[in-house]
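The structure is shown here before the description begins.

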Amino acid sequence: SMLAEGVPVGAGTDATRVASYNPWTALYWLVSGKTVGGTTLYPQGLPRATALQLFTHGSAWFSSEQGKKGQIKVGQLADLVALSADFFSVEEEQIKWLESVLTVVGGKVVHATSEFDKLAPPTVPVMPDWSPVALVPGHWSPTAAPLSASIHQCIGSCAVHQHQHDRARRSNVPVSDHQGFWGAFGCSCFAF
């Protein structure tokens, strides 16, 4: 309804209780109206082109960078990604598993993997060294090898709610189970 009213709308990874830095988690939520666990929050999602436009062109409005970024156009920043699959044609459930295999920022390769791994820049040390990113590379995916250690590394309980993240990902989210994924009052990390 905000879009229909002409209100400027941008999208990102720190709103709507998505709770993940991964943009594909948020785009899945926008398109499907569901959490990654499958709980429907909104019965009708956005068209994929609209969801992607909110992340790119829509967010450029909020940072006062219209005309500088948010579109692939001459004169705009050369920031782009090559994805592991086509966002516009994969099954809706597969959106949350998309990954960048090549990321270009300002015309320079900043991330490369898979068939582009020879273009990868040297690894930058994680700072601060105590950051969880140092221990938790990438994000969980259903194709992750069992212990190479489940890419998201959630092999233990949530320190706050004591639920098992991997069990929660694969469950139907029983709200009545007080030791389960949602717990008695809900869990802010439900998007995993």
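## The sheet

Two strands are taken to pair if DSSP finds at least two bridges between them. In this predicted model, β2 and β3 run antiparallel and are joined by four bridges, with Val104 standing opposite Val109 in β3.

The open sheet to which these strands belong is formed by three strands in the order β1-β2-β3, and its pairing is antiparallel. Its edge strands, each of which pairs on one side only, are β1 (80–83) and β3 (108–112). Direction ignored, neighbouring strands of this sheet are turned by 15° against each other on average.

Is Ser100 buried or exposed? Buried means under 20% relative accessible area, and Ser100 counts as buried because its relative accessibility is 18%. Ser100 lies in strand β2, which spans residues 100–105, and its side chain makes a polar contact of 2.6 Å with the side chain of Thr103. When neighbours within four places in sequence are left aside, Ser100 is in contact with Val81, Ala82, Leu83, His111 and Thr113.

## The largest nonpolar core

The largest nonpolar core has 17 residues, of which Trp24, Leu27, Leu30, Phe55, Phe87 and Ile95 touch the most other members. At least two residues of this core are supplied by each of α1 (23–32) and α2 (48–62), and the largest share, seven residues, comes from α1.

For Phe87, the contacts that remain once neighbours within four places in sequence are left aside are Trp24, Leu27, Val31, Arg48, Leu52, Ile95 and Leu98.

Notes:
Residues numbered from 1 in each chain as written. Predicted model: local features only at pLDDT ≥ 70, side-chain atom pairs only at ≥ 80, totals over all residues. Heavy atoms only, no water. Buried < 20%, exposed > 50% of the residue type's maximum accessible area, 1.4 Å probe, protein only. Polar contact = N/O pair within 3.5 Å; in protein donor to acceptor, adjacent residues only side chain to side chain. Contact = heavy atoms within 4.5 Å. Axes fitted to C-alpha atoms, helices over the stretch in contact; angles between N-to-C directions. Core = buried A, V, L, I, M, F, W, Y, C linked by side-chain atoms within 4.5 Å.
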